[in-house]
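Please look over the sequence and the model shown here before reading on.

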Amino acid sequence: MTLGGSSVLVADEGLISLDASNGGIIGLGAVTLKADKGIEINDNFISAGMTTINSDVDGDGAGDFVIAELQELSTSGNKLEITANDLDLSGTLNSGKGSIKLLVSDVGAIGLGDTPSDLSITGAELQNITANELTIGRD
């Protein structure tokens, strides 16, 4: 699946689930994904520009971000920003020399390691993140 330069995919009141039949998902430039009820990436995804993902646009706490096991979201050294109610990083996030910003979408708390919370990032999930700079905070 190939997304043209400066692609925007929106699922108003819905879920975005990206699956490629073969060859993975390729963004030829900046990519923006917006959904109210979550975003799932089920194949390797490589973007050639800044990648912005908001899986809980309406901020109601029902939109999680999922990267499937053994899959990678790579921004080729560009910035990656993910806003979500919660994260499931069974796969990896890789911005190389770029930065990654992970933001909680609602007024929920953030938990790191073994601290459960609204937006929880386990130790194993933290090990699945490669970036020059990592910011975790509130939208």
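Which residues of the largest nonpolar core touch the most other members? Of its 28 residues, these are Ile 41, Phe 65 and Leu 93, where a nonpolar core is a set of buried Ala, Val, Leu, Ile, Met, Phe, Trp, Tyr and Cys residues joined through side-chain atoms within 4.5 Å. Two or more residues of this core come from each of β3 (16–18), β5 (31–35), β6 (39–41), β9 (65–67), β11, β12 (87–89), β14 (99–104) and β16 (119–121); strands here are DSSP runs (E, at least two residues), and helices (H or I) need at least four, with numbering from the N terminus. Leaving aside residues up to four places away in sequence, Ile 41 touches Leu 18, Ile 25, Ile 53, Phe 65, Val 66, Ile 67, Ala 68 and Leu 73, contact meaning heavy atoms within 4.5 Å.

The model is predicted, and local features need pLDDT of at least 70, side-chain atom pairs count only at pLDDT 80 or more, and totals for chains, interfaces and linings use all residues. Residues are numbered from 1 along each chain as its sequence is written, and side-chain values use heavy atoms, with hydrogens and water left out.

Thr 75 counts as buried because its relative accessible area is 0%, the classes being buried under 20%, exposed over 50% and partly exposed in between (1.4 Å probe, protein chains only). Its side chain reaches the backbone oxygen of Asn 78 at 2.5 Å, a polar contact (a pair of N or O atoms within 3.5 Å; within protein, one must be able to donate a hydrogen and the other to accept it, and residues adjacent in sequence count only if both atoms are side-chain atoms). Beyond four places in sequence, Thr 75 touches Ser 47, Gly 49, Thr 51, Leu 80, Asn 94 and Ser 95.

How many salt bridges does the structure hold? There are three, each defined by a side-chain nitrogen of Lys or Arg within 4 Å of a carboxyl oxygen of Asp or Glu. In one of them the side chains of Asp 58 and Lys 37 meet at 3.8 Å, N to O; Asp 58 lies in the loop between β8 (51–54) and β9, and Lys 37 in the loop between β5 and β6, so the pair ties together parts that are 21 residues apart in sequence. Lys 37 also forms a salt bridge with Asp 60, with the closest N and O atoms 2.8 Å apart, and this pair links the loop between β5 and β6 to the loop between β8 and β9, the two residues being 23 residues apart. Lys 79 and Glu 81 meet in a salt bridge at 3.8 Å, N to O, while shared partners join Lys 37, Asp 58 and Asp 60 into one network. Lys 79 is partly exposed at 30% relative accessible area, whereas Glu 81 counts as buried at 17%.

The side chain of Asp 118 reaches the backbone nitrogen of Ala 109 at 2.8 Å. Asp 118 also touches Asn 85, Asp 86 and Gly 108, among others, when residues up to four places away in sequence are not counted.
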